[in-house]
Amino acid sequence: MPWFSVTKEVAMGTAMLGVAFATGVLAGKRYPSIFFGASKSSKTVIGKDSPLWQYILDHSLREHPLLKKLRLLTLDHPWGRIMVSCDQAQFMANLAKLIKAKKVIEIGVFTGYNTLNMALILPDNGRVVACDINEDYVNIGKPLWKEAEVEHKIDLRIKPASETLEELLAAGEAETYDFAFIDADKESSNEYYEKCLRLVRKGGIIAIDNVLWSGKVLNPRKDDLATQSIHLLNEKLLRDARVNISMIPMGDGVTFAFKL
């Protein structure tokens, strides 16, 4: 699709992605097998202890005090390293604000850091449909949602995300969402993407996390279903005429798909 036919919001978002690509870093996460049935090793280009990484945070991160509080609480958790990187969360919130998002889908909540991140930037009548299968993790963040006075914006669904997405479609909510973030079991990523594509409006954004999978996508093993699923979706997205895309080396790699 030619540049001049893209909406103003998408064009501006793509420009922002170019800046992010220039400064993006890999700060890998690990998913325990008990969490979403997937696992990966932690691998970084710029280590978390690097002075350059700290410089990036010191000169770009504008973290709400309650987001910081939840991030620190999450990092104390045995699986805290699987949390979305704070710089990536901030970037997604900026994109959501850019397109004046009111309705957001999040697939994979963990302790609710990004759920709070999104709820904070939505208008008072905004809504985050937050999908997860483990409420124990979510309970860590719930008190912070309440303290931030955004609890009423969060529609938490503790059940398989595929069921929730089907319920939203059955309720006639197709093409009414502005932003979707997919960060759950990788074997189901294609299913989540297809359903989110039906739920997100034209000009909306779907963010797909862990698209680099700590570099495993370079040589996916035949017996590694998670890596195979990520790689196949990456190949599909490259050729998907329904969206414009940018793959960004931020966090463990994130692809932004802009629905045409």
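## Getting started

Two residues are in contact here when heavy atoms of theirs lie within 4.5 Å. Keep that in mind while reading, along with one reminder: this is a predicted model.

The protein chain holds 10 helices and 7 strands. Of its 260 residues, 53% are buried. If you take the contacts between residues at least 6 apart in sequence, 72% of them join residues at least 24 apart.

## Helix α4 and its buried face

Let's begin with helix α4, which covers residues 65–75. Its buried residues are Leu66, Leu67, Leu70, Arg71 and Thr74. Looking down the axis of α4, you would find these buried residues within an arc of 140 degrees, so they line one face of the helix.

What do the buried residues of α4 pack against? Their partners are three helices: α5 (86–98), α6 (113–121) and α7 (135–147).

The loop between α4 and α5 is the place of Ile82. With a relative accessible area of 3%, Ile82 is under the 20% cut-off and therefore buried. Ile82 and Phe110 are 28 residues apart along the chain, and 8.3 Å separates their C-alpha atoms. We will come back to Phe110 when we look at rings.

## The seven-stranded sheet

Now for the strands. An open sheet of 7 strands runs in the order β3-β2-β1-β4-β5-β7-β6, and its pairing is mixed. At the edges stand β3 (154–158) and β6, each with a single partner strand, so one side of each has no neighbour in the sheet. On average, neighbouring strands of this sheet are turned by 15 degrees against each other, direction ignored.

You can see both senses of pairing at the two ends of the order. Strand β2 (residues 127–132) pairs with β3 in the parallel sense over 5 bridges, and Cys131 has Arg157 in β3 as its bridge partner. Helix α7 packs on the sheet here, touching β2 and β3, and its direction makes about 165 degrees with that of β3.

β6 and β7, in turn, pair in the antiparallel sense over 6 bridges. In this pairing, Val243 has Lys259 in β7 as its bridge partner. The two strands β6 and β7 form a hairpin with 5 residues between them, and Gly251 in the turn has a positive phi of about 60 degrees.

Another helix to find is α9, which lies across β1 (103–107), β4 (177–182), β5, β6 and β7. The angle between α9 and β5 is about 155 degrees.

Helix α10 (residues 225–239) has 15 residues. From its first C-alpha to its last, α10 reaches 21 Å, close to the 21 Å expected at 1.5 Å a residue. The buried residues of α10 are Ala226, Thr227, Gln228, Ser229, Ile230, Leu233, Asn234 and Leu237. Their cover includes α9 (189–199), β5 (200–209), β6 (243–248) and β7 (254–259).

Leu218 and His231 are 13 residues apart in sequence, with 8.4 Å between their C-alpha atoms.

## Aromatic pairs

How many aromatic pairs are there? The count comes to 2. In one, the rings of Phe91 and Phe256 have their centres 5.5 Å apart and their planes at 80 degrees, so the pair is edge-to-face. Phe91 belongs to helix α5 and Phe256 to strand β7, so this pair ties together parts that are 165 residues apart in sequence. Both Phe91 and Phe256 are buried.

The other pair brings Phe110 back into view. The ring centres of Phe110 and Tyr137 are 5.1 Å apart and the planes meet at 65 degrees, so this pair is edge-to-face. Phe110 sits in the loop between β1 and α6 and Tyr137 in helix α7, so to speak linking distant parts of the chain, 27 residues apart. Phe110 counts as buried at 6% relative accessibility, and Tyr137 is buried with a relative accessible area of 9%.

Key: Residues are numbered from 1 along each chain as its sequence is written. This is a predicted model: local features need pLDDT of at least 70, side-chain atom pairs count only at pLDDT 80 or more; totals for chains, interfaces and linings use all residues. Side-chain values use heavy atoms; hydrogens and water are left out. Buried means under 20% relative accessible area, exposed over 50%, partly exposed in between (1.4 Å probe, protein chains only). Helices (H or I, at least four residues) and strands (E, at least two) are DSSP runs, numbered from the N terminus. The arc is that of the directions from the helix axis to the C-beta atoms. The expected span of a helix is 1.5 Å times one less than its number of residues. Two strands pair if DSSP finds at least two bridges between them. Axes are lines fitted to C-alpha atoms, for helices over the stretch in contact, and angles run from 0 to 180 degrees between N-to-C directions. Rings of Phe, Tyr and Trp (its six-membered ring) pair if their centres lie within 6.5 Å; planes under 30 degrees apart count as stacked, over 60 as edge-to-face and the rest as tilted.
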